[in-house]
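Q: I am new to this structure. Could we go through it together?
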Amino acid sequence: RAARAAFLKHELLNRKFSEVIEAVIDILAGRSAGLTISDLKRITNEAAVMAARRESKVTDAILEEAFEKMRMGEASKVPDPATLERVARHESGHALIGWLTGHPPVQVTIVGRGSAGGYVEREAQEEKIIYTRGDLEQIICQAMGGRAAELIYYGDADGLSTGVASDLRNATMWAERMISEFGMSEDIGQAYVDERRLHDGPLAARVNEATERIVRSQLDRAIEMLKASRGKLDGLSSELLRKNRLVRADLERLLGASG
């Protein structure tokens with residue numbers, strides 16, 4: 001993080017073409033975990049091109065737009081109002097679960113990019129190398145927060161939508177690893193299950209059933225949490241529809257202290 005911040009400050013601070021402030025650079029340095037200096041150079045170059053097209057200096061907003069574009073792709077066409085409202089409710093579910101459990105998002109947006117109709121960005125934990133069962137259950141619970149919100153708003157039938165595909169993939173991956181790699185399931189016990197044994201047979205069936213139970217239990221947990229904070233969920237989705245993107249300061253204003 002320190003290296004990324006130093007590079008961005010060298011590129012953008014005290015330059016005639018830039019009005020970017022140091023606080024924004026520090027935030028982006030934290031959000032750019034996994035990116036290389038070469039990646040950051042492409043982002044600053046893109047920001048310079050965008051500013052030139054607008055006959056402007058590189059501002060905080062232009063830099064953030066370049067950052068999102070390089071990571072997630074061009075902004076998608078705005079969908080119809082009903083779809084946009086559904087996306088706002090879905091992303092608000094993710095964001096609120098994180099907020100309630102002490103894992104506040106950096107931002108939540110309904111500006112679609114790439115294959116995502118919207119997304120929640122979480123704080124990078126670059127120094128964390130050990131995760132407990134509770135940590136992984138929290139990750140799964142937050143992943144299922146979008147579906148939980150849709151079920152609350154649209155019911156058991158219409159609440160099931162294709163917008164959950166990547167969330168379900170992520171939740172299933174972690175649940176399966178809890179069982180097969182980390183010995184965190186009473187169903188299988190303290191055993192490592194080789195991937196080759198997960199494809200068929202009685203053991204594969206047991207792992208699949210245990211995986212579904214973990215994901216289902218965290219979905220149920222997310223539903224109960226969101227129902228208990230329905231007012232905050234409604235307020236968050238309404239504000240997200242109004243502004244399209246909410247950052248940490250917006251969330252603090254709307255939701256109060258995290259956790």
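Q: Is K41 buried, partly exposed or exposed?
A: K41 counts as partly exposed, because its relative accessibility is 34%. Buried means under 20% relative accessible area, exposed over 50%, and partly exposed in between (1.4 Å probe, protein chains only). This is a predicted model, where local features need pLDDT of at least 70 and side-chain atom pairs count only at pLDDT 80 or more, while totals for chains, interfaces and linings use all residues. Residues are numbered from 1 along each chain as its sequence is written, and side-chain values use heavy atoms, with hydrogens and water left out.

Q: Which side chain does K41 meet in a salt bridge?
A: K41 pairs with E11 at 2.9 Å, N to O; a salt bridge is a side-chain nitrogen of Lys or Arg within 4 Å of a carboxyl oxygen of Asp or Glu. The pair links distant parts of the chain, with K41 in helix 3 and E11 in helix 1, 30 residues apart. Helices are DSSP runs (H or I, at least four residues), numbered from the N terminus.

Q: And E11, buried or exposed?
A: E11 counts as buried, because its relative accessibility is 13%.

Q: New topic: which residues are linked in a network of salt bridges?
A: The network links E239, R242, K243, D250 and R253.

Q: What about D234 and R230, how far apart are they in helix 10?
A: They are four residues apart in helix 10 (residues 230–243), so about one helical turn separates them. D234 and R230 form a salt bridge, with their closest N and O atoms 2.9 Å apart.

Terms used. Helix = DSSP H or I, 4+ residues; strand = E, 2+ residues; numbered from the N terminus.
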